[in-house]
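The points below are grouped by topic and can be followed with the sequence and the structure side by side.

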Amino acid sequence: MAKLGTEKRPIIVRVHTDEKAGYVAEKCNEHGWHFIIGFEPDKPEDISDLEKMLNPVKPAASNKVARNDPCPCGSGKKFKKCCGTSSTFVA
């Protein structure tokens with residue numbers, strides 16, 4: 001699937017006013033995103049595609065400890081030789 005904001009998969013928004021359409025067009029042009037604006041006063045506004053592009057979801061940081069990293073318990077040993085051998089340690 002193509003990336004959102006490209007020519008193959010443009011940002012699609014539904015607005016009620018020219019002001020909102022201008023805002024959407026300005027933001028998309030700033031970033032070089034392709035977009036389609038629809039004026040549909042009888043339906044609710046939907047600018048969720050634009051909001052997704054302006055506020056991307058960041059992947060959660062992992063607290064996973066690799067086998068050869070120092071053990072987080074502070075022993076100075078490698079994790080695999082310390083808490084990595086028991087199933088009681090939770091990072």
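This is a predicted model: local features need pLDDT of at least 70, side-chain atom pairs count only at pLDDT 80 or more; totals for chains, interfaces and linings use all residues.

The largest nonpolar core consists of eleven residues in all, namely Leu-4, Ile-11, Val-13, Val-15, Ala-21, Val-24, Cys-28, Trp-33, Ile-47, Leu-50 and Met-53. At least two residues of this core come from each of three elements, which are strand 1 (11-15), helix 1 (18-31) and helix 2 (48-54). In soluble globular proteins, nonpolar side chains tend to be buried together.

**Contacts of a core residue**
- Ile-47, one of the residues of the largest nonpolar core, touches Val-13, Arg-14, Val-15, Lys-20 and Val-24 when residues up to four places away in sequence are not counted.

**Asp-49**
- Asp-49 is found in helix 2, and its relative accessibility of 15% means that Asp-49 counts as buried, since the cut-off for buried is under 20%.
- Leaving aside residues up to four places away in sequence, Asp-49 touches Leu-4, Pro-10, Ile-11 and Ile-12, and among these Leu-4 and Ile-11 also belong to the largest nonpolar core.

**Cysteines**
- The count of disulfides comes to zero, where a pair of cysteine sulfur atoms would have to lie within 2.5 Å to be included.
- Cys-71 is in no disulfide, because the nearest cysteine sulfur, which belongs to Cys-73, is 3.5 Å away and the cut-off is 2.5 Å.
- Cys-82 is likewise in no disulfide, and the nearest cysteine sulfur to Cys-82 is that of Cys-73, at 3.6 Å.
- Cys-71 counts as buried because its relative accessibility is 7%, and Cys-82 counts as buried at 18% relative accessibility.

Methods:
Residues are numbered from 1 along each chain as its sequence is written. Side-chain values use heavy atoms; hydrogens and water are left out. A nonpolar core is a set of buried Ala, Val, Leu, Ile, Met, Phe, Trp, Tyr and Cys residues joined through side-chain atoms within 4.5 Å. Buried means under 20% relative accessible area, exposed over 50%, partly exposed in between (1.4 Å probe, protein chains only). Helices (H or I, at least four residues) and strands (E, at least two) are DSSP runs, numbered from the N terminus. Contact means heavy atoms within 4.5 Å.
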